[in-house]
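Let's take a walk through a protein, starting with the whole thing and ending at a single spot. Have a look at the structure first, then read on.

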Amino acid sequence: MSILGNRVLRTEDAKFLTVGGNYVADIVLEGAAHVTYVRSNMAHARLTQLDLAEVRSAPGVIDVVTAEDIDMDWVEPADPMLNQAMMRPWLAQGVVRYVGEPLAAIITEQADQGEDAAQLAFVDYEALPVVIDPLASSSDETLLFPEAGTNVSFACGSSSGDALFEGCDVVVRQRLHNSRVAPCPLEVRAVAARWDADGRLTYWASTQTPHTVRDDLMRYLRLDQEHVRVIAPDVGGGFGAKIGDYPDELLVAWLARRAGRPLRWVETRSESMLSLGHGRAQIQDVEIGGFRDGSIQAYRLTALQDGGAYPRVGSVLPLWTGVMTAGVYQIPKVEFVARTVMTNTTPIGAYRGAGRPEAAAAIERAIDLFAAEIQADPAEVRRRNFIPKDAFPFTTPVGATYDCGDYVAALDRVLEAAGYDELRSEQRRRRQAGGERLLGIGVSTYVEITGGTLQGDYGSVEVQPDGRAVVSTGTSPHGQGHVTSWAMLVSDQLGIPFDDVSVQHGDTALVPRGVGTYGSRSLQTGGIAAREAAALLVERARQLAADEFEVEPSDVVFDKAGGRFHVAGMPSAGRTWAQLAVAAGRHGGLRAESDSKPSAATFPFGAHVAVVEVDSATGKVTLKRMVAVDDAGRIINPLIAEGQVHGGLAQGVAQALMEEVRYDESGNLKTSNLADYAFISAAELPSFEAIIQETPTPVNELGVKGIGESATIGSTPAVLNAVIDAMAHLGVRHMDMPTTPERVWRAILETKGAGRHQRPVTPRGLLATS
């Protein structure tokens, strides 16, 4: 019986629950000094004076470095599609562009000495106009990079104007604000660097992509690959923000070479809020048109992405929003237009879902707005416009080819599990009775793309002389359960007991190449690579056994259950994995490797129902239920899949209800710590009702898709729709995230003042047929 598909407990957890993880800050580094950064307290200004004399003479200070000291090339924008004129210095030179931008690096014997010394820096600025609003930035009135001649770092798509909606009976338009959020990993960024006497660099980083970090260090420090070793130990959360690296991280390696001793840097929480890449931050204009029978004919999403002060990966993420513009719907005409503009704020990076949640949030609000306009049940409008199950593979009007899906089944399952009809009945009862506790029901149906870059990953398997197997993977887990899942895949192929399979990762000296962990890509790339390597190893072992038995390989039978190879018809005489590994030791060991080569992306999907109560007197929103059906193809370990769903739901709900990064008009961060930033906890969440549906993909041999981000994508619009639905009978048509008590209270107050109310909604199943 295969171990795949079983609820296997995570082998990683014992360490974390007992002795704890081993993070960068825990690395013992003899003789290490500490790096502290002097950071800008102005959002946009010319640097007229940077006096560090008192800093240099402060206790414990070893060295102080400014931009003029650094001989590395400036950091280019993260993608060649971005405006390459928007270069970033390692330390601010001439101009600062956001609060928190590093101005100088201080090296001290002790970490607290650096904090004290940084307070002694004297910085004189000449203030420049501050641009916080992307809409203001798009006018190019104030340029962050005058040499670029524009604030636009990226643009794609085109609009046909009103012609798109020609013939539609109903056209609904709405501006949406997909709020800026902070990733808030519990482990902040941290790096350490040590140079050996032979010029080799060992660099520790809290990163999702150690091989990318290695390559960047090679590039900027002009080193050969054999001279750079990058180690990502346990990583305490990433959520996309730790993809790749940051200038203030890489600079530590350069500083360590200059100082001639090991260095380490661990940011504070406030630094993390200021400098770790933020997420989302799109202004969206949705336009949707169709007929009163519920059929949708045209949809356009126009997105203005806030890129922050320097173009990182977040500036190009509208591409992924564009890919997923059409959602789960068979809409004949779809357009997507996007621009990214720079603002005097923290640069935008990837955050769980990275462009796809923005697409889902837009179209799922548009569907609800359309349903309200034609007085139809939003669940039924969705059902009417789904891509049929038999239409796959299906190519959308924006060019995405979906592999497979059963959207009707997902919607039916979530509505049944939630008791949707009963909820609507209870809602009508409450509205008729009056009262302050308003019931809202929100629906969302989503599809996302995983493995979209079509990059494979590395995997190898080696059997030791004691019969145990060691798996090396190019993925870099930080909570996803790869150690358990990859061991399951290899155990299933080799017949070696699960407990005898170990997995190593995150060390470029042990794993020669890899891409890393992000974009829900790992199982369908790294997992498959490990499985392929195990399959190759079986064939190598078969050849080795044939040599031992002096027969043809085709005559050798692999008894997976027993973990033995024997000649056909002679099961009593065989060789175990351990015996073959000993024999192979004379020839370099019993090992095989593979680099997976995905043929296409996969498209997980699902349907969510959120149930909220809104206190109309105070505006407080309480999430009462969160019911989620998520389909990520074949599930290797349901326990791990459910854990990913739960985490995704929590982060998606958080954006809808409470999380938002906020700046004042001068560009100062108002949410600079976890006292001011509303970081969600278990206290604000109900017990999730997660249902796993399996529709295997034909794209890969395992039938698997990604699941790490799916629940985030579906939950945010479901909760937002529920909050608005609770107030719909009062005339609230739309409100933006997050749905804080003040915003909800004001929305109710404004509708009361305007005397608005909503027309009745057609019950389920009563939409006119065409």
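## What's tucked inside

Out of the 770 residues in this protein, 60% are buried. Keep in mind that you're looking at a predicted model.

## Overall size and build

How does the radius of gyration fit with a compact globule? It comes out at 28 Å, and that agrees with the value near 27 Å you'd expect for a compact globule because the protein has 770 residues. Along its principal axes, the C-alpha trace spans about 85 × 80 × 45 Å.

As for secondary structure, you can count 18 helices and 28 strands. The protein is divided into four pieces: domain 1 (25-131 + 186-275), domain 2 (132-185 + 278-387), domain 3 (404-447 + 602-769) and domain 4 (452-596). Between the centres of domain 2 and domain 4 there are 44 Å, taken over C-alpha atoms.

## The outside and the charges

The protein exposes about 28,700 Å², and 50% of that is supplied by carbon and sulfur atoms. There are 70 positive and 97 negative charges, and their mean positions sit 4 Å apart.

## Zooming in on Glu-550

Find the loop between helix H14 (522-549) and strand S22 (556-559), and you'll find Glu-550. Is Glu-550 buried or exposed? Its relative accessibility is 75%, so it counts as exposed.

Now pick out Ile-713: it lies 163 residues from Glu-550 in sequence, and their C-alpha atoms are 57 Å apart in space.

How values were computed:
Residues are numbered from 1 along each chain as its sequence is written. This is a predicted model: local features need pLDDT of at least 70, side-chain atom pairs count only at pLDDT 80 or more; totals for chains, interfaces and linings use all residues. Side-chain values use heavy atoms; hydrogens and water are left out. Helices (H or I, at least four residues) and strands (E, at least two) are DSSP runs, numbered from the N terminus. The radius of gyration is taken over C-alpha atoms; the globule rule is 2.2 Å times the number of residues to the power 0.38. Buried means under 20% relative accessible area, exposed over 50%, partly exposed in between (1.4 Å probe, protein chains only). Accessible areas come from the Shrake-Rupley method with a 1.4 Å probe; for residues, only the protein chains shown count as cover. Lys and Arg count as positive and Asp and Glu as negative; His and the chain ends are not counted. The place of a charge is taken as NZ of Lys, CZ of Arg, CG of Asp or CD of Glu. Domain bounds come from an automatic or database domain assignment.
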